[in-house]
Amino acid sequence: MNGVAFFLGVNFVVAVCFSAVFAVVATRSRSRRAALWLAAGFGVASLSAVCELLVAYTDTPKIWAIGAFATVLIGMMLLRIGIGHLYGRRLDKRIAAFFVSASIILCYVIYDMPRGTLIQAVSYQSPFAIVLLDSAFVILASRGRQMIDRFLGMLTLFTGLHFFAKAGLAVLVGAGSAAKDYIHTNYALISQSATAILVVAVGLTLLAALVLEIMADQRSESERDTLSAIANRRGFNRQVQSILSAASHGKHAVILCDLDHFKRINDTYGHHVGDMVIQSFGQLMNDSAPKRAALGRIGGEEFAIFLPDTDISAAALFAQALRAATMTLPDLPDGLIVTASFGVSPVTSAARLAEAYRQADQALYAAKNAGRNQVKLTGLDEAEASELHGESRL
């Protein structure tokens, strides 16, 4: 076995392994269809190594040479479809089928042309380059790109351009006078070794992108309260820290709230109704809060809201609106009116976050001790407090 046959075997095994891994990843990923297309792409592309060996060691080299071209191109096109699903820019399958069909016909037409000429080499390599360059464009043009996506886009761009380099190399060093000679040339050794490296690099990066997506989903699920559909305590704290890391100084506010007499609701109407109250209040928070706000259910009937770039006066008005809306929660049993108490505190810096929580908690308990169903503030001077429609300062 020469070096080229060895690399063909390596490429086959690598591609089959990637195909199997992507199929497994598809069972856990929200981008299931993308992962399955990627699995199919690597699976089909792996057959090109078998075809290349059959070109050299059978009496029908033309059929297997076209087969090698077709399996690589179809595999790349399946990867392009998978990348389109992953990055939100799907490829029309009719266009894909037309392009592949036209390229295979082109491969058939140029098969008997002198090998190693510029027109033959460029015509053979261009379809591969076009598919990968289009894939790179899809990745690099996608919104919300992370570092892994930028790396994948640049790697795919390089891989696409390297096919033009292969065409030039075929002209310079020669790819054999006939298809059967390819496996015995230095060009084939360079080409297959480069392909092995790039296949592994692209495959691992695609796999990393999907695994990171799965990890992000699992973290999101672990930080979300399933009943209220907002963050749990851990998720809320992480969101607040993220907000403060981007804007550590400025006027922010934290609101702690507690559903009044929640145990009485459970005892009187049953836990099913109690769950409905939690769900409705969580939905109310989601619908009412600004997009940049952090929302969390931090206890059984205890909730927290962090309002970035919001002074305590605006936060108090928001809390008052939320308090009023709580009394009209929909789809609850007749006669059940839910109320909530609120404590509001300013947050001036990340270093004073713990103190802000403590003050908001004190304000909340002051609201409950004063009769519930009201908003209490802390950190205001007397003039500001008097302007807030009856809210009191601690």
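# Reading a predicted model, step by step

Analyst: Confidence in the protein is highest in strand E5, at 97, and lowest in helix H13 (residues 382-386), at a mean of 44. These values are pLDDT, the predictor's confidence in each residue on a scale from 0 to 100. This is a predicted model, in which local features need pLDDT of at least 70, side-chain atom pairs count only at pLDDT 80 or more, and totals for chains, interfaces and linings use all residues. Residues are numbered from 1 along each chain as its sequence is written, and side-chain values use heavy atoms, with hydrogens and water left out.

User: What radius of gyration does the protein have?

Analyst: The radius of gyration is taken over C-alpha atoms, and the globule rule is 2.2 Å times the number of residues to the power 0.38. The protein has 31 Å, whereas a compact globule of 394 residues would have a value near 21 Å. Its C-alpha trace spans about 95 × 45 × 35 Å along the principal axes.

User: How do I read a pocket, and what is the volume of space in the largest pocket?

Analyst: The search uses a 1 Å grid over the protein atoms alone: a cavity is a set of points where a 1.4 Å probe fits but cannot get out, a pocket is an open set with protein on both sides within 12 Å along at least five of seven lines, and lining residues have an atom within 4 Å of a point. Grid points are joined across faces, edges and corners, and a volume is the space filled by probe spheres set on the points. The largest pocket holds about 330 Å³ of space. It is lined by 14 residues, and those closest to its centre are Gly 144, Gln 146, Asp 149, Ala 209 and Glu 213. Helix H7 gives the largest share of this lining, 5 residues.

User: And which residues lie nearest the centre of the second largest pocket?

Analyst: They are Arg 233, Leu 256, Ile 298, Glu 302 and Asp 361, out of 15 lining residues. The volume of the second largest pocket is about 220 Å³, and helix H12 supplies the largest share of its lining, 5 residues.

User: Is Ser 48 buried or exposed?

Analyst: Buried means under 20% relative accessible area, exposed over 50%, and partly exposed in between (1.4 Å probe, protein chains only). Ser 48 has a relative accessible area of 13%, so Ser 48 is buried. Ser 48 sits in helix H2 (residues 32-57). Apart from neighbours within four places in sequence, Ser 48 contacts Ala 68, Thr 71 and Val 72.

User: Where is Arg 372 found?

Analyst: Arg 372 is in the loop between H12 and strand E7 (375-377). Arg 372 has a positive phi of about 70°, although it is not a glycine. With a relative accessible area of 29%, Arg 372 is partly exposed.

Definitions and conventions
Helices (H or I, at least four residues) and strands (E, at least two) are DSSP runs, numbered from the N terminus. Contact means heavy atoms within 4.5 Å.
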